[in-house]
Amino acid sequence: MTLHPPLARQRGAALLLLLLVLGLGASSFLISMFSQPKGDLRRQAVTRAALADAREALIGYAIIHRRLPRPAQSALDGRESSQPCLDDAACTGWLPWTTLGITPGDGWNKLLRYSVSPEFTKGNLDQAAEATKTLLDRSDDGGIFYRVGSANCVVDDRCAPAVILSSGRHLGTSLAGIEQASAVTDNLDEQANAEAVRDFMARAATDDVRSLGGSFSNELGWVPLRLIRQRLRATAPVTKSPQ
């Protein structure tokens, strides 16, 4: 049977439209495949998003309660500890994810570590509270310098009220509460961070065992003192002067 010209043109147009749709679909798939972070890059992206969410949740908690939360009760209980933490060691543990209403882990499926300045847990943030946390980095020659804070947090208001740490690839504790053994031994800065309560190393990630401090995959976030003060001032109750 011979097709009439109008019907043939309609079928030809439909075929071209189908090919166009298939081509667009294939292009979208290829773009998404090549633009989607892979492996460690994906884990790093998930981790950085988790750290950002944790920071915002901590600031939101501070606005409501006029203090920062204490660490979690345990690696399996994400509620804030009911016991006061009176020093930096006692105020260091796991992020209280249940109390904050956020996911507990990073892109490596490990619990986020949390260290908070003791004075910021006491409900007096409308007064001057001392931030005690610092973040360190290494220069190209291996020398250590302060990225956040200084050696004297009492007179330097650049120290951080709280630090959130992702252990990254090598160390840390799984979401099931199981401590993870490290596959490397050169990661001295990571090992120091695992024990730190005041001063935390926050340098760039590397697998170079020759670098000072060794392999490093930790990711760190912190609550800036200036930001938390700005948010607290913005939400402080307005007091009316007597008539």
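Predicted model: local features only at pLDDT ≥ 70, side-chain atom pairs only at ≥ 80, totals over all residues.
Residues are numbered from 1 along each chain as its sequence is written, and side-chain values use heavy atoms, with hydrogens and water left out.

I begin with confidence. pLDDT is the predictor's confidence in each residue, from 0 to 100. The protein chain has a mean pLDDT of 86, and 81% of its residues reach 70 or more. Residues 28–37 have pLDDT below 50, and beyond near neighbours in sequence this stretch makes two contacts in the model.

Now the sheet. Helices (H or I, at least four residues) and strands (E, at least two) are DSSP runs, numbered from the N terminus, and two strands pair if DSSP finds at least two bridges between them. Four strands form an open sheet in the order E1-E2-E5-E7, with antiparallel pairing. Strand E1 (92–94) and strand E7 (219–223) are at the edges with a single partner strand each, so one side of each has no neighbour in the sheet. From one strand to the next, the twist averages 20°. Three bridges join E1 to strand E2 (residues 113–116) in the antiparallel sense, and Trp94 is found opposite Arg113 in E2.

For angles, axes are lines fitted to C-alpha atoms, for helices over the stretch in contact, and angles run from 0 to 180 degrees between N-to-C directions. Helix H2 (residues 39–65) lies across E2, strand E5 (162–166) and E7, at about 15° to E7.

Buried means under 20% relative accessible area, exposed over 50%, and partly exposed in between, with a 1.4 Å probe and protein chains only. The largest core holds 29 residues, and Leu58, Leu68, Phe120 and Ile228 have the most contacts inside it. Two or more residues come from each of H2, E2, E5 and helix H5 (225–234), and H2 gives the most, with eight. Leaving aside residues up to four places away in sequence, Leu68 touches several residues, among them Leu58, Tyr61, Tyr114, Phe120 and Ile228. A second, separate core has nine residues, including Leu135, Ala160, Val163 and Ala196.

Turning to helix H4 (residues 188–195), Asp189, Glu190 and Asn193 are buried. Viewed down the axis of H4, the buried residues fall within an arc of 100°, so they line one face; the arc is that of the directions from the helix axis to the C-beta atoms. Exposed Leu188 and Glu195 sit on the face turned away from that buried side. The buried residues pack against E2, strand E3 (134–138), E5, strand E6 (199–201) and E7.

Finally, some individual residues. Arg66, in the loop between H2 and E1, has a positive phi of about 60° although it is not a glycine, and counts as buried at 12% relative accessibility. Asn109 also has a positive phi, near 60°, but this residue is exposed at 52%; Asn109 belongs to the loop between helix H3 (97–100) and E2. Ala45, in H2, is partly exposed at 38%. Between Ala45 and Asp106 there are 61 residues in sequence and 9.4 Å in space, C-alpha to C-alpha.

Note on methods. Contact = heavy atoms within 4.5 Å. Core = buried A, V, L, I, M, F, W, Y, C linked by side-chain atoms within 4.5 Å.
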